[in-house]
Amino acid sequence: MSGNAQSISTAKPWTYWWWMGSAVTREDISAQLEQFAKSGLGGVHIIPIYGVKGYESDFIPFLTDHWLDVMQHTVSEGKRLGLGVDMTTGTGWPFGGPNVSKQMGAKTISFKDNKWVVVPTKQEVKRAAPGGEGLVFDPFHPTAMSNYLLRFEAAFVHAKEKPRSMYMDSYEAYGANWTDDFLKEFKSRRGYALQDTPELLTDSSGKSESLLVKIDYHQTLAELLRERYAHVWTQWSKEKGFLTRYQAHGSPGNLLDLYDEADIPETESFGTSRFPIPGLRIDPDYSIKQFGTPNPLAMKFASSAADFSGKKLVSSETGTWLANHFKVSLSQVKPQIDELFTAGINHIFYHGTTYSPVAESYPGWLFYASTNFGPSSHFAEHFYLLNQYVERCQTLLQESKPDNDILVYFPIHDLWSTPAKSAGGVHLLEVHHVDRWLLQLPFGRLTTKLWEEGYTFDYVSDRQLKRLSVNNDGNLNSGSSVYKTIIIPPSTYMPDETLSQLLKLAKDGAKIVFADHVPNKVTGYNVNESRQKLFNAKLEELTSKKQNVLVEKDWESALLKQGVIQEKWAKLGLTFIRKSQYSKPVYFIANVGNTFQEGWISLGKIAANVEQYDPLTDVSVNLPQRNENNTNEIFLSLKPGQSCFLREAVNNSEAVPVFISTKQHPVAGTWKVDFLKGRPSIPASGKLLKPASWVTLSDTARYFSGTARYTVSFDLTAEILASKNITLGLGDVREVAAVKLNGKEVGIVWSIPFQLKIIPELLREKGNKLEIEVTNLSANYMRLRDKKVPDWKKFYDINIVDITYKKFDAAGWQPMPSGLLGPVRFLY
């Protein structure tokens, strides 16, 4: 790195950066990177995709000398600006391209008329960029990945500037379920010839022999995927000096083992969660059946692999299809990020930003992904506020270590014994529809209860279990993290190797809980009867160790007996993650519900004075505490939509007094609305008797996207002026509000609950003046744009679709409420 280069920040959020047709220039790359740095981003992830109609002569074919030159310019400029750069090992997704032959292409098998039928899936790279088109390769093939990577090896051999990390997107090799040497590998690994019993693989009656064969089949696919696909790619990247970011989800493998291969495991927050936060909007265009909802239990597969193996960073593709185009607000983004933080994610990647020439007219080039985090976004002016929040959170989350009590065994063989709903008859462990696999398992029901009841936990796979040892105090050590116990969800199948490892750990003093019952069937069709007898004997030996191995229907009581801490306040609707910094506990807590406002709680790991740090305002205060029934309690105020860190107080400053707002004073008066800046034109000023959407003022205002100032004069009572704790509540804000009170800037609110603390000295009894500048979304303007000039939709491939993947057209939208909707009041 050159002497004038800034350090690369992983605490700042990064963004996906789609290069449409790779029609980029060095000048515009520099200009956009400067905008990114100014907005508080920490890096970009280059993903070349399909191009823009009319710009064909500017397309730069992938991995040509010209492409490599602009890529290296990006890395060099990133270093100058303190921005990191990652890139996909390919274009679009999944892996494939022009160097994938038909022989190397993905394959699918079926058994018809008493014979095997193997055919190519013929799937091609989705959203491929020029120079990246071609077949998706066979992910189970012995040499397909290494052959695919030869193209990149040749391209990068003389590159002086390289990205930080290579990236692999979610699996999405639909229908792929076979490879040329599968039968040979199956027999070598499973001990029998699959072709001798083909009817057992296709049987749908559920007989035990068939289920064992189906488990063996999935086990073989999973092993090949890890060894030949994930491992080959990560090792190649490491040898060439790259880190790896890997989205394992969507695949038929064990996600924990696949995520474990990468330097930075990456999950995805796809769609919008239905948080019951008052005032949080869900796009009415959203189809819940189509996408499902993000789920922290799915996200924890990536963070569990990182925690178990000591990986500092866990990333997430964030904001994918959060709402329809031009409708996403910062207030909708924050709760989704808070959910990711509580699930163990600490390296946010926005989804995303599209490269667009500086000279291109509004709205510029846009990828079909709905959330525009780029310079043409309606929240671009205030984007830095979200980024400040994320950076403050991620600084603490990255500088602390996991502090989870429980390892939850993931019984994937039980899943493999059930009928698959995916193409090709294999189980694809996706994050989009966890209801199709995760939540239906006893594993899903148990982890849901752990999550909701306030326990801290990671998942562990059969393969990872082999790396555990037992400390002198009976705690389990992965080499990077320490756990108090393992819990085995109610399950039927277990590999003999796993049971043997559990028995070894138990003999060494490990604490183990079987929830409800023990698994009673050993996996593996080969010589199953004799192996089952040995399995039963080991089970009996394991469960005889009553001192540290418990089989309990009431598994929560069993966990408590083994020293597990329950954070009981989680049942009040608060979600959290507990970590450790400098050997002291740190909690990140998010209120994404509607049941908690404030109250006394007891932290399981902090008995001393407690400091509350608000990453939104960058302010810390010591909290009031009391001793109740020999338990130290703190008074926490955390409104729905808010979040904070709790940690041991580092100073002895006086605690803030216990205060609960019980009174409110509405701001009464006539509101003047002046339009300041925006498009398509500036509407005339108007007046409102109370805060309301500005679209009611005029036809011009119905299509306006920009900023307007709401101004009101008002008087206050002596009672309010005597209060030491005053909060200004703005009610419903659409979407960001900058507040001035009596000529003094009070702050900017962009997230629920849209409240600001007020210094009492700013107020007076008579003639107060409140000025609130509100910036709305771009949806109302795009209603007009699509009616009159829809020429911006000029992209190849999928072009622009709406949130239901139908042709995008904003012309029929109803006007979205904009401005200050209120009610505006002082809370004291």
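This is a predicted model: local features need pLDDT of at least 70, side-chain atom pairs count only at pLDDT 80 or more; totals for chains, interfaces and linings use all residues.

Me: Why are H10 and H11 called roughly parallel to each other?

Reply: The axes of helix H10 (residues 330–342) and helix H11 (residues 383–398) cross at roughly 5° and come within 11 Å. Angles under 35 degrees count as roughly parallel, and therefore H10 and H11 are described as roughly parallel to each other.

Me: Which residues make the contact between H10 and H11, and how do they divide by class?

Reply: On the H10 side the contact is made by Leu 330, Val 333, Lys 334, Ile 337, Asp 338 and Phe 341, while H11 contributes Leu 386, Tyr 389, Val 390, Cys 393, Gln 394 and Leu 397. By class these residues are nine nonpolar, one polar and two charged. As background to the spacing within such lists, an α-helix has 3.6 residues a turn, so residues three or four places apart point the same way.

Me: What makes H9 and H13 roughly perpendicular to each other?

Reply: The axes of H9 and helix H13 (residues 442–453) come within 10 Å and cross at roughly 90°. Since angles of 65 to 115 degrees count as roughly perpendicular, H9 and H13 are therefore placed in that class. Their contact is formed by Pro 296, Leu 297, Lys 300 and Phe 301 of H9 together with Phe 443, Gly 444, Thr 447, Thr 448 and Trp 451 of H13, and by class it has five nonpolar, three polar and one charged residues.

Me: How do you know that Val 434 is buried?

Reply: The relative accessible area of Val 434 is 5%, and buried means under 20%, so Val 434 counts as buried. Val 434 sits in the loop between helix H12 (412–416) and H13. Leaving aside neighbours within four places in sequence, Val 434 is in contact with Asn 295, Ala 298 and Leu 439. Val 434 and Asn 295 are 139 residues apart in sequence, yet their C-alpha atoms are 7.4 Å apart in space.

Me: What makes Gly 54 exposed?

Reply: Gly 54 has a relative accessibility of 62%, and the cut-off for exposed is over 50%, so Gly 54 counts as exposed. Gly 54 is placed in the loop between strand E2 (43–49) and helix H2 (65–81). Gly 54 and Lys 794 are 740 residues apart in sequence, and 8.2 Å apart from C-alpha to C-alpha.

Me: Why is helix H20 described as mostly covered?

Reply: Helix H20 (residues 779–788) has 10 residues, and eight of them are buried, where buried means under 20% relative accessible area. The buried residues are Ala 779, Asn 780, Tyr 781, Met 782, Arg 783, Leu 784, Arg 785 and Asp 786. What covers them includes strand E33 (671–679), helix H18 (699–702) and strand E35 (705–714).

Me: What makes a space a cavity, and which residues lie nearest the centre of the largest cavity?

Reply: A cavity is a set of points where a 1.4 Å probe fits but cannot get out, and the whole structure has six cavities of 30 Å³ or more. The largest cavity has a volume of about 160 Å³. Among the 18 residues that line the largest cavity, Lys 300, Thr 342, Trp 451, Phe 576 and Ile 577 lie nearest its centre. Strand E24 (575–581) is one of the elements that give two or more residues to this lining, and E24 provides the largest share, four residues.

Note on methods:
Residues are numbered from 1 along each chain as its sequence is written. Side-chain values use heavy atoms; hydrogens and water are left out. Buried means under 20% relative accessible area, exposed over 50%, partly exposed in between (1.4 Å probe, protein chains only). Axes are lines fitted to C-alpha atoms, for helices over the stretch in contact, and angles run from 0 to 180 degrees between N-to-C directions. Angles under 35 degrees count as roughly parallel, over 145 as roughly antiparallel, 65 to 115 as roughly perpendicular and the rest as oblique. Contact means heavy atoms within 4.5 Å. Ala, Val, Leu, Ile, Met, Phe, Trp, Tyr, Cys and Pro count as nonpolar, Asp, Glu, Lys and Arg as charged, and the others, Gly among them, as polar. On a 1 Å grid over the protein atoms alone, a cavity is a set of points where a 1.4 Å probe fits but cannot get out, and a pocket is an open set with protein on both sides within 12 Å along at least five of seven lines; lining residues have an atom within 4 Å of a point. Grid points are joined across faces, edges and corners, and a volume is the space filled by probe spheres set on the points.
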